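Please read them with the structure open beside you.

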Amino acid sequence: MDFVLANCTHAVSFSAKQRTLKGRSTLVRGRKQKVSVIRISNSAAEVSGSRAAASGRSDGSGESKNWQVPKSSTALELLDIERGVCIPFRKYSPETVRNKVLESRGAVLSLISRGVEIVWSLGLYWSTLMYDCFVGRDEEVVPFRAQQLRNLLCNLGPSFIKAGQVLANRPDIIREDYMNELCILQDDVPPFPNEVAFNIIEEELGRPLEAVFSKISSRTIAAASLGQVYRATLRDSGEDVAIKVQRPKIEPIIYQDLFLFRTLASFLNGISLQKLGCNAELIVDEFGEKLLEELDYTLEARNLEDFLENFKNDPTVKIPRVYKQLSGSRVLVMEWIDGIRCTDPQAIKNAGIDVDGFLTVGVSAALRQLLEFGLFHGDPHPGNIFAMRDGRIAYVDFGNVAVLSQLNKQILIDAVVHAVNEDYAEMANDFTRLGFLAPGTDVAPIIPALEAIWQNSAGKGLSDFNFRSVTGKFNQLVYNYPIRIPERFSLVIRSLLTQEGICFTLKPNFKFLEVAYPYVAKRLLTDPNPALRERLIQVLFKDGMFQWKRLENLIVLAKENVVKMSSNPALQKNDLQGSGKVEKKLDLKDTIKDGARLFLLDAGIRRQLLLALTEDSQLHVQELVDVYRLLEDQIDVPSMALEVARDFPTVVRDLMLAWTESVLSDR
């Protein structure tokens, strides 16, 4: 069965077997006919020219091509192409926003009033900055002015608070000292009155609070830019739940603000194109799209269900279940997480939780979201992550999630491979393919800067490597070159930085990469995805020479990951309860079978491997022995031989087909 969607930039054809991605439908993400997003798989992306369409760079042959964007494409359509997604029914579009704020004379008057309020407030602040520059004290008053800006954004309402939170992760737009002050907005937002919140809950439920809940907290548990959270107990079941309720009357204000933001952005396109390589309207569209998604709690409920599906077989991760019958667009009721916030490291240690095990679980869960599922928590600050008393990690607040297409995930892995191989020219091209640079941008000036950043950071080794230092250097690069950080990758960067910060809070000498590297090594060696197999080959060959030491290091790191996870107290305890499977060894069956098949069928690989065994005019038997010794405790030889025997007829058939094809092509 085929599905065709023609109301996007390009018509996209999907076959039924292409639509599943780790429990999340790639065609219809929503339920009850609320189609939210379509993610384009590799084959579908080929409609737009596969990687060439997404990157404006090259095809599978490596020949350089220029991607020509249709002149009629809007900023949102360009975003869809860049991200490898197509959103047929979106909550945000410039037309929708314009129609909302101009629908009546009263709406227009309200918009004018809001515009005057914003211009007056920001104008006064801007005049103080100009005065500081005029008298030459602009640098010395930066901390005070940054605090003023934070307070100003709080006073201007939810859109500006959210904009401040976004700017706190956008070094391509704002300087670092202001970024640090705006980070406070992620945790410290004033709540609104309980009476107002309880009225909204009753309106959404359609009945009094006491009919549903036997008790509810008199104080907010947490307050954010768009809503706040209470703890309550269900009357029927006695279960404790968290109630997230939206701030009152914020939707009209947000639509007005988005209209004003975009109007202003239209005048700044020239500057933005020069400094960032994209028009300012595109940045506003990214922001508006994400903001209106967060405003609809029914979308957050579906995010929760998707995370539950992704981690259903992982006994080390806890995702709260959602009570959809009690939830609506402004109220979300979910399971109460009885854990310890990561803002309280002493309580975690006092609870007897194995800190090393907990951090290993947390890093592995974050990497699975990013590289395996392509669906990750966009706001994992310490208040949104809990340590369960059995050692599991728990996440809450799924309003801000980001999606990476299969294509984006593959390019990210490409970037890792290029970093390992120190191929900085290709790393720079990866930036273009991911949307950091506009198609056609000359990457030559960026290559030396990338090389300096990576060699300076990686050269120190795992003991001194951390994302914050790399990000600081990258921020300088962003400031000096026309680089735009796409919204989804600003979330990735914030997510990694925040979780690394949590690791350092709980254990100051924790080495993030000492956990991350083994996970990536295990994925490269054991994941059956053909794209990862291709990347594994790229890692093992450098300048046409086989890297024996690199293979040994990958095996050692992958074994380390298995040992750390299998010995983790959380995984062991939950596995005894039958909630998951503990991996005791590396599962290399598919890797070995695929390697044998590749050796027999691919003449190029076969030639490279034979050359690797006879490099420097010597037979590299010792290297083979060393690799075997590393793997002998991981492989059950009889079962492996049985698997190979089962595959033998298929391999022979493929070998005969390849031979026949070569004979016919010669003729």
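1. A disulfide is counted here when two cysteine sulfur atoms lie within 2.5 Å of each other. In general, a disulfide is a covalent bond between the sulfur atoms of two cysteines. By the distance rule, the number of disulfides is zero. Cys503, for instance, is in no disulfide; the nearest cysteine sulfur belongs to Cys342 and is 8.9 Å away.

2. The model is predicted, so local features need pLDDT of at least 70 and side-chain atom pairs count only at pLDDT 80 or more, while totals for chains, interfaces and linings use all residues. Residues are numbered from 1 along each chain as its sequence is written, and side-chain values use heavy atoms, with hydrogens and water left out.

3. Some words on burial come next. A residue is buried under 20% relative accessible area, exposed over 50%, and partly exposed in between (1.4 Å probe, protein chains only). Cys503 has 4% relative accessibility and counts as buried, whereas Cys154, at 21%, counts as partly exposed. Of the 667 residues in the protein, 51% are buried.

4. Helices (H or I, at least four residues) and strands (E, at least two) are DSSP runs, numbered from the N terminus. The protein has 29 helices and 19 strands. Contact means heavy atoms within 4.5 Å. Of the contacts between residues at least 6 apart in sequence, 68% join residues at least 24 apart.

5. Which side-by-side helices are worth a look? Axes are lines fitted to C-alpha atoms, for helices over the stretch in contact, and angles run from 0 to 180 degrees between N-to-C directions. Angles under 35 degrees count as roughly parallel, over 145 as roughly antiparallel, 65 to 115 as roughly perpendicular and the rest as oblique. On the helix 5 side the contact includes Arg114, Glu117 and Tyr125; on the helix 6 side it includes Arg145, Leu149 and Leu156.

6. A second pair is helix 17 (residues 406-420) and helix 23 (residues 530-540), with axes that come within 10 Å and cross at roughly 10 degrees. Helix 17 is therefore roughly parallel to helix 23. Gln410, Ile413, Asp414, Val417 and His418 of helix 17 meet Ala531, Leu532, Arg535, Gln538 and Val539 of helix 23. This contact is made up of five nonpolar, three polar and two charged residues.

7. In helix 4 (residues 94-101), the buried residues are Pro94, Val97 and Val101. They lie on the same side of helix 4 because they cover an arc of only 65 degrees around the axis. The arc is that of the directions from the helix axis to the C-beta atoms. In helix 28 (residues 621-631), Val627, Leu630 and Leu631 are the buried residues. Their arc is only 95 degrees around the axis, so they too are on the same side of helix 28.

8. Next, two backbone angles. Lys249 is not a glycine, yet its phi is positive, near 55 degrees. Lys249 is in the loop between strand 10 (240-246) and helix 11 (250-267), and counts as exposed at 74% relative accessibility. Asp397, also a residue other than glycine, has a positive phi of about 65 degrees. Asp397 is in the loop between strand 16 (393-395) and strand 17 (401-403), and at 23% relative accessibility counts as partly exposed.

9. What does Gln499 touch, leaving out residues up to four places away in sequence? Its partners are Gly362, Ala366, Pro380, Ile385 and Tyr395. Gln499 is in helix 21 (residues 487-506) and is buried, at 10% relative accessibility.

10. Ile221 is in the loop between strand 7 (213-216) and strand 8 (222-223) and is partly exposed, at 36% relative accessibility. Residues up to four places away in sequence aside, Ile221 touches Val229, Tyr230, Arg231, Trp336 and Arg341.

How values were computed
Nonpolar A, V, L, I, M, F, W, Y, C, P; charged D, E, K, R; others polar.
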